[in-house]
Amino acid sequence: MDVETPDTANRRTESRYRKDRRVGEGTYAVVYEATETATGRRVAIKKIKVRQQKDGLDVSALREIKALQELRHPNVLELMDVYAHKGNLNLVLEYLDSDLEQIVKDRSLVFTAADIKSWMLMTLRGVEHCHRNWILHRDLKPNNLLLAANGQLKLADFGLAREHADLNCAGRMTSQVVTLWYRAPELLFGARDYGPTVDIWSVGCIFAELMLRTPYLPGDGEMQQLDVIFRALGTPTEEDWPGMTKLPQYVQYRAYPKQPLRMLFKAAGQDALDLLAGMLRFDPAKRFTAREALQHPYFQNSPRPTPHERLPRIDAAKARDEEIAGVKRKLDALLGEDAMQLGGESTACQCLCSYHLLTFAYTATRLASLEDGATTKRVARRLSFSMGV
Amino acid sequence: MSSSSSTSTRPRSGDTPRARQTTLAALPNAVVTREQFTATPSAKRGVSRSLESQLRALGCEFIQAAGILLKLPQVTMATAQVLLQRFYYVESLLDVSLLDAVAGALFTAAKVEETPRRIPDVVNVLHYLRQRRRGGDTAPLDGFTQDYYDLRDGLLATESRLLVALGFDVHVQLPYGLMVNYLQAMGLAGNHALAQRAWNYLNDALRTPVYVLYQPHVLACAAVDLATRHCRVPMPTSPPWWEVFEAEADEIRAVCGWLGRLYADPALPANLPLTSAELARHLATL
């Protein structure tokens with residue numbers, strides 16, 4: 001029997017997919033929408049950018065491949081294939097068109113308590129599956145919880161994920177993980193031997209965000225983040241969290257009083273608040289595990305979680321139309337301002353003017369790309385976030 | 001992955017369906033098929049079976065030595081050796097130089113096991129080991145010499161080639177933890193000499209093909225079996241103790257056979273070819 005060479009096998013995998021359009025760009029990858037030619041199934045291809053070969057292939061790509069190969073679960077994004085092309089790694093993933101962040105931000109959607117319960121249940125099931133396989137996700141946030149067309153929620157973006165079973169690695173993991181607003185307090189204090197409960201903290205923040213419809217703990221920087229957390233939940237004492245003061249980057253914070261969660265979450269049920277409090281406990285040892293959270297009465301009490309097919313979802317076409325309309329309005333406004341300021345003589349006026357021209361150029365490009373359909377909402381939103389337009 | 005396991009290049013995931021796997025491993029290790037094992041890419045190009053196994057053993061020896069110099073944990077060194085063994089069931093020693101493959105496997109394993117090492121360090125350690133074997137100058141390389149660039153480029157090229165060759169399956173489930181578990185389950189963990197001996201058998205076995213032929217629980221049982229025989233620790237035989245751990249007698253015997261052959265073999269000759277070019281010249285003189 002003649003065995004196929006790796007190169008032909010690799011090319012055969014590659015030829016099974018057709019890249020259709022560029023969908024988004026992250027720090028280490030470009031995402032394309034593609035089609036599996038044999039079945040017509042829509043897939044996403046994540047092309048890992050080769051950084052200038054300083055450290056060879058990106059570790060996060062390896063981590064993502066390794067984690068996703070091991071995790072097979074209805075609530076975890078499926079890795080269908082991997083192939084190399086001109087030195088780039090390409091990950092073929094399920095295509096999902098929206099994420100929980102879009103849902104939270106879409107003001108036209110109304111969530112019921114049952115909807116929130118359903119999303120929480122799916123998130124925790126995915127997280128529990130990761131933890132049962134000794135994998136920490138380390139970057140849970142609404143943006144990384146993708147939603148399938150049938151409403152199923154799937155954990156995505158395992159670029160920061162890693163195994164945590166190795167005892168020889170204990171105490172040597174980096175604390176620079178998880179997007180700031182969802183980062184657990186032990187990480188902010190520089191803990192290096194943390195465990196699965198860092199993910200549970202993130203899930204707690206997401207739970208709160210689903211109820212509030214706005215990020216729960218939005219800090220501006222690492223120092224300020226702890227301040228925001230303590231202001232919301234009260235500053236912990238050594239009694240609440242034994243060992244806190246021994247953490248590498250421990251600093252004393254102002255002693256904020258503990259406030260009942262009820263103050264902020266006025267409409268939430270007592271069982272929901274109880275679960276939230278359990279997931280946001282300061283001491284990682286006392287914080288709920290994924291399994292404990294799933295066994296919480298909240299999930300058994302009424303209302304029953306909404307079946308995933310009936311959850312609120314984004315109307316993609318409508319969302320794009322709205323965004324285009326918004327950008328157009330902005331352009332008109334900018335045009336008006338510039339016309340007025342062009343008459344001005346002073347340097348300050350000219351500076352302001354060129355600033356506006358820049359903004360104008362940027363906004364115009366954004367509009368063009370939106371109307372083109374070349375970029376989706378997600379990219380546009382990410383850019384607008386970082387550029388502050 | 002179900003879809004890519006259909007390619008014949010990738011070592012197959014045995015014939016145990018994943019659902020039936022009851023060991024601690026979430027995924028079974030990739031093992032090679034009979035065809036892949038008997039007709040390796042190197043064998044098809046005229047490399048004799050004994051030379052190939054000597055070169056594989058030498059590669060493993062390099063990895064083990066480099067790992068110690070780079071202060072890597074044994075888990076990383078073992079993973080690298082398994083990756084190297086798997087790699088040469090898909091690629092030929094005449095196409096990818098042994099030294100490059102060693103560098104690529106070690107570098108990848110260090111990333112996979114979350115103990116990354118810098119490229120200059122890996123390159124310099126391998127340069128040192130190579131020069132020592134050839135009796136050349138062992139001074140560290142200047143980062144701007146052709147020799148350094150060659151080694152580095154070889155490493156980077158092999159890194160991606162290795163991933164493609166293995167179908168991106170870099171998952172290696174090692175038997176060390178299982179072996180210790182089994183000893184604990186049988187109340188033998190207190191016997192340090194026994195545990196150490198079993199551990200050493202697992203290390204030595206990395207130089208044989210057993211890691212690409214059998215699943216880790218079989219390797220763990222074989223190591224315990226050999227160690228208990230050597231230390232004269234009586235074990236239950238009817239029914240045999242390994243049945244509890246789902247291993248079979250003939251599998252264990254086969255693993256012990258490979259180890260026996262390893263210990264019977266003389267030390268590796270000093271002038272083994274380290275690169276594809278050297279190997280080609282060596283084959284031409286035969």
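Which side chain meets A:K66 in a salt bridge? The partner is A:E163, at 2.8 Å from N to O. A salt bridge here is a side-chain nitrogen of Lys or Arg within 4 Å of a carboxyl oxygen of Asp or Glu. A:E163 lies in strand β10 (residues 162-163) of chain A and A:K66 in helix α2 of chain A, so the pair ties together parts that are 97 residues apart in sequence. Helices (H or I, at least four residues) and strands (E, at least two) are DSSP runs, numbered from the N terminus.

**Model and confidence**

This is a predicted model, in which local features need pLDDT of at least 70, side-chain atom pairs count only at pLDDT 80 or more, and totals for chains, interfaces and linings use all residues. Residues are numbered from 1 along each chain as its sequence is written, chains are lettered from A and ligands numbered from 1 in the order in which they are written, and side-chain values use heavy atoms, with hydrogens and water left out.

The model scores ipTM 0.75 and pTM 0.78. Chain B has an average pLDDT of 86, and 91% of its residues score at least 70. pLDDT is the predictor's confidence in each residue, from 0 to 100. In residues 1-26 of chain B the pLDDT is below 50. That stretch still has 60 contacts in the model beyond near neighbours in sequence. Contact means heavy atoms within 4.5 Å. Where pLDDT is low, the predicted coordinates should not be read in detail.

**Chain A overall**

Chain A has 12 helices and 10 strands. Of its 389 residues, 53% count as buried. Buried means under 20% relative accessible area, exposed over 50%, partly exposed in between (1.4 Å probe, protein chains only). Among contacts in chain A with a separation of 6 or more, 66% come from residues 24 or more positions apart.

**Salt bridges**

The whole structure holds 30 salt bridges over all chains.

| Pair | N to O distance | Relative accessibility |
|---|---|---|
| A:R18 and A:D20 | 3.2 Å | A:R18 45%, A:D20 38% |
| A:E64 and A:K46 | 3.0 Å | A:E64 1%, A:K46 9% |
| A:E163 and A:K66 | 2.8 Å | A:E163 24%, A:K66 12% |

A:R18 is partly exposed, and A:D20 is partly exposed too. A network of salt bridges links A:R21, A:E33, A:R42 and A:D97.

Helix α2 of chain A also holds A:A61. A:A61 is buried, at 0% relative accessible area. Leaving aside neighbours within four places in sequence, A:A61 is in contact with A:Y28, A:I48 and A:L89.

**Helix packing**

In chain A, helix α4 (residues 113-132) and helix α6 (residues 197-212) have axes that come within 11 Å and cross at roughly 170°. That makes α4(A) roughly antiparallel to α6(A). Axes are lines fitted to C-alpha atoms, for helices over the stretch in contact, and angles run from 0 to 180 degrees between N-to-C directions. Angles under 35 degrees count as roughly parallel, over 145 as roughly antiparallel, 65 to 115 as roughly perpendicular and the rest as oblique. Residues of α4(A) in this contact include A:W119 and A:L124, and those of α6(A) include A:V203 and A:F207.

In chain B, helix α3 (residues 49-69) packs on helix α6 (residues 119-134) at an angle of about 125°, with axes 10 Å apart. That makes α3(B) oblique to α6(B). Among the contact residues are B:F62 and B:L69 of α3(B), and B:Y128 and B:L129 of α6(B).

**Backbone details**

The peptide bond from A:S302 to A:P303 is cis, with omega near 0°. A:P303 sits in the loop between α9 (290-294) and α10 (316-341) of chain A. Chain B has a cis peptide bond from B:S238 to B:P239, with omega near -5°. B:P239 sits in the loop between α11 (216-230) and α12 (249-264) of chain B.

A:R213 is not a glycine, yet its phi is positive, about 65°. A:R213 is in the loop between α6 and α7 (222-233) of chain A, and is buried at 13% relative accessible area. B:F168 also has a positive phi, near 60°. B:F168 is in the loop between α7 (146-165) and α8 (176-185) of chain B, and counts as buried at 3% relative accessibility.
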